[in-house]
Amino acid sequence: MRIKLLTLFPEMFAPLSASILGRAEKAGLLSLEPIDIRAFTKDKHRRCDDSPFGGGPGMVLTAQPLHDALLHATRGFAARRVLLSPKGRTLTQKRATELAKEEGLILICGHYEGIDQRAIDLWVDEEISIGDYVLTGGELAAMVLIDALARHIPGVLGDGASASEESFMEGLLEYPHYTRPAEFLGLSAPEELLSGAHKRIESWRREKMLTETREKRPDLFAGLELSFDDRVLLGLEEKRRRRSQNREANEE
Ligand code: ADE
């Protein structure tokens, strides 16, 4: 996948050359091409911002350099054009998976108080936000989006990692993980995981996915359509919890 990044701060994308994404780039699975919007300004002082019409605080990114940078970026590259903005639709796992199927993307990173609306109206196919908070610019948001979608490009991750995402796609959080040693600082890994019994391990994991989601993300849990087996697991868990509460109460 080829991604062009329109930004006033191309150097901010340096972290993407580390770790898994760096490896994906070297392997030719991902190409990240920052384009400096400032290189396209026709202002004699190289400015790309101006004060807002109608007054108010902050500065606005002018339409001309962004427009010209986009003319350059789209030459021979018909990609979906995404603006990172707190006004956009909030990024979800589902949207990241869909965007990973695009052959190319142009990500536009705003700065200052905003971008001249005419450049947005002329060019932007979609606005994406990474959450309900305001960043100083779109670069960090673009990096989050790239990381989230690159994981879905075949070959970027090993096979093992993709399975865990399926649980998120189903609207469930992951089960907790444990590895050697079986006991650490007096804390034991769950006996179910050490049992070697495949069925027992599977149902322990499923139960944890359900209970963790219920506890940490009640909003996701409320939208779940639980299977009969899920209800049985939750029923058994509830019984176990009641029994241990009763035991504790009796001991007091
Ligand atoms: N730019 C500033 N804040 C942002 C956000 N929350 N998401 C995406 N882009 C942004």
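User: How do I read the length of helix α5, and what span does α5 reach?

Analyst: Start with the rule. Helices are DSSP runs of H or I, at least four residues long, and strands are runs of E, at least two, numbered from the N terminus. The expected span of a helix is 1.5 Å times one less than its number of residues. Now the case. α5 has 12 residues and reaches 16 Å from first to last C-alpha, close to the 16 Å expected. Keep in mind that this is a predicted model: local features need pLDDT of at least 70, side-chain atom pairs count only at pLDDT 80 or more, and totals for chains, interfaces and linings use all residues. Residues are numbered from 1 along each chain as its sequence is written, and side-chain values use heavy atoms, with hydrogens and water left out.

User: Is α5 mostly covered or mostly open?

Analyst: Buried means under 20% relative accessible area, exposed means over 50%, and partly exposed lies in between (1.4 Å probe, protein chains only). By that test α5 is mostly covered, with nine of its 12 residues buried. They are E139, A141, A142, M143, L145, I146, A148, L149 and A150. An α-helix has 3.6 residues a turn, so residues three or four places apart point the same way.

User: Which residues touch the most other members in the largest nonpolar core?

Analyst: A nonpolar core is a set of buried Ala, Val, Leu, Ile, Met, Phe, Trp, Tyr and Cys residues joined through side-chain atoms within 4.5 Å. The largest one here has 29 residues, and I3, L30, L107, L145 and L149 touch the most other members. Elements giving two or more residues are β1 (2-7), α1 (19-26), β5 (80-90), α3 (93-99), β6 (104-109) and α5 (139-150). α5 gives the most, with eight residues.

User: What does I3 touch?

Analyst: Contact means heavy atoms within 4.5 Å. Not counting residues up to four places away in sequence, I3 touches L30, S31, L32, E33, L105, L107, I146 and L149. There is also a second, separate core of 21 residues, which includes I35, C48, L61 and A119.

User: Which residues surround the ligand?

Analyst: A residue is near a molecule or strand if one of its heavy atoms lies within 4 Å of it. Around the ligand are L84, S85, P86, I128, S129, I130, G131, Y133, V134, L135, G137 and A141. A141 is also among the buried residues of α5.

User: Is T97 buried or exposed, and what does its side chain reach?

Analyst: T97 is found in helix α3. T97 is buried, at 18% relative accessible area. Its side chain reaches the backbone oxygen of Q93 at 2.5 Å. Beyond neighbours within four places in sequence, T97 contacts H152 and M169.

User: Where is the cis peptide bond?

Analyst: Look at omega. The bond from R180 to P181 is cis, with omega near 5°. P181 sits in the loop between α6 (159-169) and β9 (183-184).

User: Which residues have a positive phi?

Analyst: G76, which follows α2, has a positive phi near 70°. S19 is not a glycine, yet its phi is near 55°. S19 is in helix α1 and is exposed, at 59% relative accessible area. L185 is another non-glycine, with a positive phi of about 50°. L185 lies in the loop between β9 and β10 (187-188) and counts as exposed at 75%.

How values were computed: Polar contact = N/O pair within 3.5 Å; in protein donor to acceptor, adjacent residues only side chain to side chain.
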